[in-house]
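Student: Could you walk me through reading the helices and contacts in this structure? I would like to learn by looking at a few places together.

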Amino acid sequence: MPVKAIIIGYLIFAVLAVFLYFNWQAMAPKAKNLEPQAFVLENGQGVKEIAAQLKNAGLIKNDTLFKTLVFLMNAKNSFWPGKYYLSPDMDVIKVIKTLTARQGPDEVSATIIEGWSNKEIAAYLEKLNLVSQKDFLAALANDQDKFRTRYSWLDDVPKSINLEGFLFPDTYRFYKETTADDIIDKMLANFDQKITPDIITAINKNHRTLFQTITMASLVEKEASDDVERRLIADVFWRRLENKIALQSCASVNYVLGETKKRLSIADTQTKSPYNTYLNRGLPPGPIDNPGLSSIKAAVYPLSNDYWFFLAADNGKTIFSKTLEEHNQNKKVYLK
């Protein structure tokens with residue numbers, strides 16, 4: 001092989017490796033499920049200064065990556081002064097989009113994170129001084145009829161779940177004088193746009209309902225950290241359901257406990273609740289959070305596999321196993 005061809009091959013490989021690394025860094029959040037914090041963008045700040053401020057605040061991992069992406073997204077002159085609420089579990093691209101989402105003097109930018117529950121969304125909106133937690137949760141419970149007349153896909157969703165699972169996570173701009181109903185309607189309208197006819201067709205083809213699918217997606221959202229894992233876990237869960245095997249989702253128990261425990265005790269798994277999938281076979285009564293589109297698609301398009309068990313290792317990886325014996329062995333190896 002000519003030397004020139006070898007050099008070109010190495011260059012292509014190097015470029016591809018750099019691209020994949022930067023893509024992983026951009027889409028990998030720094031942390032998971034941490035409280036949003038105020039971030040003030042002052043007039044006249046440059047990209048270098050903004051990057052350093054974000055890194056010092058623990059909102060990004062890599063300031064060089066941030067500056068590179070700002071350049072690639074042609075966003076250098078798009079940063080808009082103001083007060084934002086950012087979460088450490090936002091990826092870099094979402095941080096940039098939030099800080100460059102121009103808002104008028106009477107508007108507030110709000111970024112709803114994938115996997116937040118209705119209560120977490122309510123608390124966040126109160127921090128933004130948009131609506132109180134009490135008013136938002138009351139609207140979810142008491143004003144459903146008006147939303148159900150607009151969105152027919154809510155027909156098979158029990159009123160008792162208060163639209164949990166259907167408030168689509170995204171970055172929104174709301175008027176400062178908005179109402180809880182207006183916010184809810186905007187989120188539902190976004191959900192309506194994201195759930196395409198192709199997705200509905202695939203759900204129907206699998207003989208499932210949208211409500212069942214979103215409930216599954218809400219579990220997957222909490223159990224996985226990337227798209228491939230989400231699709232693998234969705235397949236494991238669907239097959240366990242079909243074979244009448246309890247899902248044993250730790251996420252469902254954390255929902256019952258009202259906290260996020262990395263490791264559940266035996267007593268935790270025995271907590272009585274219809275949402276506890278250790279004690280009850282089948283899906284929980286409804287979604288446990290509001291899943292993002294990737295988790296919804298994972299529930300709709302699971303990745304076929306031969307696994308029946310999985311666990312979250314201390315290093316952050318998900319370890320899959322085909323047998324209970326292998327699963328128990330993995331616990332000894334990966335859970336210290």
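This is a predicted model: local features need pLDDT of at least 70, side-chain atom pairs count only at pLDDT 80 or more; totals for chains, interfaces and linings use all residues.

**Reading the packing**

Student: Which residues of α9 are buried?

Tutor: Helix α9 spans residues 197-205, and I199, A202 and I203 are buried there. Looking down the axis of α9, you find these buried residues within an arc of 100°, so they line one face of the helix. On the other side of α9 sit the exposed residues P197, D198, T201 and K205. Just after α9, H207 has a positive phi of about 60°.

Student: Let me try the next one. Which residues are buried in α3?

Tutor: In α3, residues 63-72, the buried ones are L65, F66, L69 and V70. Their arc, seen down the axis of α3, is within 135°, so they too line one face of the helix.

Student: What is exposed on the face of α3 turned away from its buried side?

Tutor: F71 and L72 are the exposed residues carried on that face of α3. Check the ends of the helix as well. N62 caps the N-terminal end of α3, with a side-chain oxygen 2.9 Å from the backbone nitrogen of T64. After α3 comes N74, whose phi is positive, near 55°.

Student: Now for a pair of helices. How do I describe the way they pack?

Tutor: Two packed helices are described by the angle between their axes and the distance between the axes. Take α5 (residues 118-127) and α6 (residues 133-142): their axes come within 8 Å and cross at roughly 140°. That angle makes α5 oblique to α6, since only angles over 145 degrees count as roughly antiparallel.

Student: Is the crossing of α5 and α6 left-handed or right-handed?

Tutor: The crossing of α5 past α6 is right-handed.

Student: And which residues of α5 and α6 meet?

Tutor: From α5, the residues are N118, K119, I121, A122, A123, L125 and E126. They meet Q133, F136, L137 and L140 of α6.

Student: Can we look at single residues too? Where does T277 lie?

Tutor: T277 lies in the loop between α13 (266-269) and α14. With a relative accessibility of 1%, T277 counts as buried, because the cut-off for buried is under 20%. The T277 side chain reaches the backbone nitrogen of S249 at 2.9 Å. Leaving aside neighbours within four places in sequence, T277 is in contact with A246, L247, Q248, S249, S252, G282 and P284.

Student: What about F320: which strand does it lie in?

Tutor: F320 lies in strand β6, residues 318-321. Its relative accessibility is 13%, so F320 counts as buried. Not counting residues up to four places away in sequence, F320 touches E229, L232, I233, Y307, F309, F310, E326 and N330. For one of these, I233, the C-alpha atom is separated from that of F320 by 8.9 Å, although the two residues are 87 residues apart along the chain.

Student: Let's step back to the whole chain. How many helices and strands does it have?

Tutor: The chain has 15 helices and six strands. It has 336 residues, of which 45% count as buried. Finally, take the contacts between residues at least 6 apart in sequence: 63% of them join residues at least 24 apart.

Definitions and conventions. Residues are numbered from 1 along each chain as its sequence is written. Side-chain values use heavy atoms; hydrogens and water are left out. Buried means under 20% relative accessible area, exposed over 50%, partly exposed in between (1.4 Å probe, protein chains only). Helices (H or I, at least four residues) and strands (E, at least two) are DSSP runs, numbered from the N terminus. The arc is that of the directions from the helix axis to the C-beta atoms. A polar contact is a pair of N or O atoms within 3.5 Å; within protein, one must be able to donate a hydrogen and the other to accept it, and residues adjacent in sequence count only if both atoms are side-chain atoms. Axes are lines fitted to C-alpha atoms, for helices over the stretch in contact, and angles run from 0 to 180 degrees between N-to-C directions. Angles under 35 degrees count as roughly parallel, over 145 as roughly antiparallel, 65 to 115 as roughly perpendicular and the rest as oblique. A crossing is left-handed if the near helix is turned anticlockwise from the far one by less than a right angle, and right-handed if clockwise. Contact means heavy atoms within 4.5 Å.
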